[in-house]
Amino acid sequence: MTEANILARDEIQEITGLTTNNLDAYWMPFTANRQFKKDPRLLVKAKDMHYTAADGRQILDGTAGLWCCNAGHGRQKIVEAVQKQVAELDYAPAFQMAHPKSFELAARLAALMPDPLNHVFYTNSGSESVETALKMALAYHKAKGEGSRTRLIGRERGYHGVNFGGISVGGMVANRKQFGAMLAGVDHMRHTHGIAGNEFSKGVPKNGIEYAEDLMRLIQLHDPSTIAAVIVEPVAGSAGVILPPEGYLKRLRDICDEHGILLIFDEVITGFGRLGTPFGVDYFDVIPDLVTTAKGLTSGVVPMGAVFASSKVYDAFMTGPEHLIELFHGYTYSAHPLACAAALATLDVYAEEELLTRGAKMAQYWQDALHSLRDCPNVIDIRNIGLIGAIELEPIAGEPTKRAFTAFLKAYEKNILIRTTGDTIAMSPPLVISESEIDVLVGTLRDVLKSLD
């Protein structure tokens, strides 16, 4: 245990009354609970680009929280909007009732998307957005008289949240293996990682458009009349920043169009400026039928997600008697007033500071900084796009993930926050990051990499 973390534990006990023993009540998600509770890393404040740890250290946020705090931390406009909203209207039912901000927000969101993605359905997270989009796709085909279209196609190494639909179409083995049978009628295309010639690519790699043809293999195997939708992340974030080869997403769109299959983009990570454009839809110039979002929608301040649906999908449900519910789906906290207030204020901050496109201005500096780490020990690949970056490390023989997790722990000791997935270090800083802060983040990471066995 480091001296800094010993101090942190003392601070935790003094400030909150917590001790190591009573940390046990909280079962933490995606965490090695026993390891964490022996040496806890607690964050107690946040402002702009930094967290404050319990021992008072300033931790440079290299991950925008969990890919979500795109506007940085503690933004006064967002804070005040939430404070005002909770005093004015704390909750409004979402079924058969509504409140004005839910409509205002939907209109502003739709204006960010190209036609025909002009309808918005609210959720509370990325996982719920995925479940919602999958259900929409199945119900759409039934409404169109094609009820045989029940099959869903995901991709190996895809991440689509943690609910059963999401882990079924997802392709990350560790997220699936403990939970038995998945949804029936799901299949997976090949991933696009590790394609020869794409090592150390800067931006979208050149090789691998032919991997889109794997969708044709599944169509021929199952028959197109049985397939409802294909879901992919424009950039696979949680699997280690896996980029689509040049032309790959356009080819998927063409194949889906040819066979009457809906295309879903999971933009929970790539949405709201992460690529230097408002959405991956804009960056890749490909318009899917449904888009799932969350995270940056409120800059992580209040949980919220949203699914963008095309007019084709929406209009298919708007038939029959007007008094009947068109889609039997929704959540108690859909369009929660606090979430809507946070999202509206977040959109204001994005607009005022041009954050949805700032990543494009910072991308070259970010790219150059990341690729300067190529000569560090154990680095076998570097990938980047917009304000996302990944450094893939050679695994320790017989101990996969250990080298990267050690890097995470050492980085925290040196006052930077990074993420790891497998043996890949992933970074996605708030969109407000400066060049000098990129220098600190990457320079510190260089020291960390040099210290690894």
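So, Phe279 and Phe308 are both buried, meaning under 20% relative accessible area, where over 50% would be exposed and in between partly exposed, with a 1.4 Å probe and protein chains only. Keep in mind that this is a predicted model, where local features need pLDDT of at least 70, side-chain atom pairs count only at pLDDT 80 or more, and totals for chains, interfaces and linings use all residues. Residues are numbered from 1 along each chain as its sequence is written, and side-chain values use heavy atoms, with hydrogens and water left out.

Back to those two Phe rings: the centres of Phe279 and Phe308 sit 5.7 Å apart with the planes at 70°, so we call the pair edge-to-face. For the cut-offs, rings of Phe, Tyr and Trp (its six-membered ring) pair if their centres lie within 6.5 Å, and planes under 30 degrees apart are stacked, over 60 edge-to-face, the rest tilted. Phe279 is in the loop between strand E8 (262–266) and helix H10 (280–284), while Phe308 is in strand E10 (residues 305–309), 29 residues apart. Helices (H or I, at least four residues) and strands (E, at least two) are DSSP runs, numbered from the N terminus. Ring pairs also tie Phe272, Phe279, Phe308 and Tyr350 into a cluster.

Now helix H14 (residues 402–413): Phe405 and Phe408 both lie there, three residues apart, about one turn of the helix. Which of the ring arrangements does this aromatic pair have? Phe405 and Phe408 are stacked, 5.7 Å centre to centre and 25° between the planes. Phe405 is partly exposed at 29% relative accessibility, whereas Phe408 is buried at 15%.
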